[in-house]
Amino acid sequence: MPPTLASVVRNSSLHLTVLAGADHLERPVRWVHTSELDDPTPFLEGGELLLTTGIKLGAGAKNLQAYVHRLADAGVVGLGLGVGLSHTEVPQPLVDAAAQRGLPLLRVPEPTPFIAISKAVSAALAAEQYEAVTTSFEAQEELTRAALGQNGTAAVVRRLAARLGGWAALYDSSGALSVVAPDWAARRAARLASEVDRLRRRPAPASAALQGRAPGFDTADEDFVVVQSLGADRRARGFLAVGTEDRISPTERYVLNAAVALLTLTLERSRELRHAEERMGAALLRLVLAGQVPTARQVATGLLGGLPEGTIRVLVAGAAPGAEKAEGEAPVHDLTELAERAEQAGGRAGEKLLVAREPSGKDARDGKDGKDGAAHPERLVLLAVDGGAVHRACLGAVEEHEGLALGVSAPAAVEEAGGAYAQAERALAVALRGGRRSVGHEEVGAGSLLPLLGEEAVAAFAEGLLRPLRDHDRTARGDLVASLRAWLSRHGQWDAAAADLGVHRHTLRYRMRRVEELLGRSLDDTDVRMELWLALRSGEE
């Protein structure tokens with residue numbers, strides 16, 4: 001702590017006497033300044049102990065009162081008047097004015113030179129700075145040892161809380177609370193979720209200081225709270241929050257900065273390890289999708305503790321309509337955040353998970369271009385436990401991000417993952433074309449074939465096939481398009497279709513012969529019927 005007026009007064013070698021403002025002696029002294037100007041405030045920054053002989057002050061009560069008001073308004077923490085030169089004693093109007101403004105007024109006896117007061121305060125400030133540096137080095141060493149030990153991240157958080165005499169909490173990149181110390185602070189840390197979420201939306205590094213009571217805190221929980229994002233680049237890898245009873249001192253700020261640096265290094269190191277694990281997991285996933293499950297299981301047992309057990313689902317995420325970049329790629333940050341949320345959910349639930357980033361235009365099963373020859377945007381492929389924490393986290397994430405869509409396979413065994421991957425791809429295609437956030441294979445199987453087909457291709461096909469009939473209906477009687485739709489919907493049953501149209505069955509037979517003539521195709525051909533029905537249905541979608 002910096003020296004206070006009280007500590008300066010207690011220095012017996014200075015022989016100072018307090019004449020006013022004795023209740024305000026705990027104010028910190030940032031510097032000592034000597035001035036004989038009647039208005040020295042342009043040269044002050046606040047926090048000074050001002051020393052003067054009062055040579056230009058005179059003894060007028062009005063002038064002395066205005067002088068004190070100027071000093072108090074400028075943030076001067078104390079005034080020392082040297083007696084024996086221009087004033088044999090401190091003028092009583094000056095004492096009264098200082099008492100009125102609560103400005104500590106010190107009598108400086110003639111034997112005490114101003115330089116002695118300056119030296120005393122300077123020595124105290126130097127001692128404070130030395131203590132701050134020493135404390136900072138000690139804290140850095142302590143935090144570094146904690147970071148290098150077992151479960152270093154949690155150890156750093158605990159040591160930081162102890163050093164600050166308050167509490168500390170660590171959140172992962174999704175904003176979920178992962179470590180808090182002491183345990184009683186969990187409730188307070190959880191109530192900072194909105195503030196952490198706000199920082200998540202800002203480039204790192206970012207911080208926020210909540211003075212007084214943090215949002216959502218009870219009156220009894222008043223803290224000074226600081227929240228800091230962690231990360232070496234513009235993307236936050238986590239967040240650190242600390243709460244203290246009083247505002248953080250400069251020394252405590254050094255300790256906090258040391259913790260932020262160590263936690264950032266730890267998270268970045270963990271990220272590199274995660275990247276290596278992701279590459280291994282992606283290779284294993286490709287083995288599984290290619291049907292080489294025994295080999296993948298053998299390798300996974302030694303590296304990742306095994307493959308997901310029981311019933312699984314394959315999930316494929318890609319760019320939602322309108323979210324593509326100019327080159328047609330999915331927003332990288334959305335896919336990255338989805339992968340991180342899936343991994344975090346799996347870690348908290350103890351679920352095995354395989355994840356692979358599928359490059360633009362590639363097939364996750366073999367790394368080659370898709371069979372249809374059409375390049376697709378970058379995608380994320382996940383193999384997760386059916387209905388588990390990862391499955392739920394992915395569904396929740398795509399609902400929150402307009403830039404993503406998700407296709408989900410039907411439940412399957414790990415050995416059936418290749419087929420499940422194809423199901424998830426088809427479900428994603430339906431989601432993308434339908435503007436939906438997520439689609440499951442069950443919905444694809446129970447619905448129409450049309451959503452699986454390109455809208456433009458279907459529309460062009462239908463227009464070309466039905467154009468002769470529509471041209472006829474615009475210029476002649478017969479309503480061939482409606483008659484064809486009714487006849488096909490009744491599976492070629494003449495009486496039922498004619499009843500639907502309100503015409504005689506012979507009339508309907510004539511119309512169907514006219515359809516065959518205009519199209520040049522036989523309605524007895526099953527393929528022709530299917531194509532015509534598809535063309536008619538496309539106009540209804």
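Biologist: Is Trp-487 buried or exposed?

Modeller: Trp-487 is buried, at a relative accessible area of 5%, where buried means under 20%, exposed over 50% and partly exposed in between, with a 1.4 Å probe and protein chains only. Bear in mind that this is a predicted model, in which local features need pLDDT of at least 70, side-chain atom pairs count only at pLDDT 80 or more, and totals for chains, interfaces and linings use all residues. Residues are numbered from 1 along each chain as its sequence is written, and side-chain values use heavy atoms, with hydrogens and water left out.

Biologist: How many aromatic pairs does the structure hold?

Modeller: There is one aromatic pair. The ring centres of Trp-487 and Trp-494 are 5.4 Å apart and the planes make 40°, so the pair is classed as tilted; rings of Phe, Tyr and Trp (its six-membered ring) pair if their centres lie within 6.5 Å, and planes under 30 degrees apart count as stacked, over 60 as edge-to-face and the rest as tilted.

Biologist: And how accessible is Trp-494?

Modeller: Trp-494 is partly exposed, with 22% relative accessible area.

Biologist: Changing topic, where does Asp-223 lie?

Modeller: Asp-223 lies in the loop between β8 (207-210) and β9 (224-230), strands here being DSSP runs (E, at least two residues) and helices likewise (H or I, at least four), numbered from the N terminus. Asp-223 counts as buried, at 7% relative accessibility.

Biologist: Which side chains does the side chain of Asp-223 make a polar contact with?

Modeller: The side chain of Asp-223 contacts that of Arg-188 at 2.7 Å and that of Trp-167 at 3.1 Å. A polar contact is a pair of N or O atoms within 3.5 Å; within protein, one must be able to donate a hydrogen and the other to accept it, and residues adjacent in sequence count only if both atoms are side-chain atoms.

Biologist: What is the strand order in the open sheet of five strands?

Modeller: The order is β7-β6-β10-β9-β8, with antiparallel pairing, and two strands pair if DSSP finds at least two bridges between them. The edge strands, each pairing on one side only, are β7 (177-181) and β8. Four bridges join β8 to β9, and Ala-209 stands opposite Val-226 in β9.

Biologist: What about β13, how many of its seven residues are buried?

Modeller: Six of the seven are buried, so β13 (residues 379-385) is largely enclosed by the rest of the structure. Strand β11 (residues 312-319) runs antiparallel to β13 and is joined to it by six bridges, while β12 (residues 354-358) pairs with β13 over five bridges, also in the antiparallel sense.
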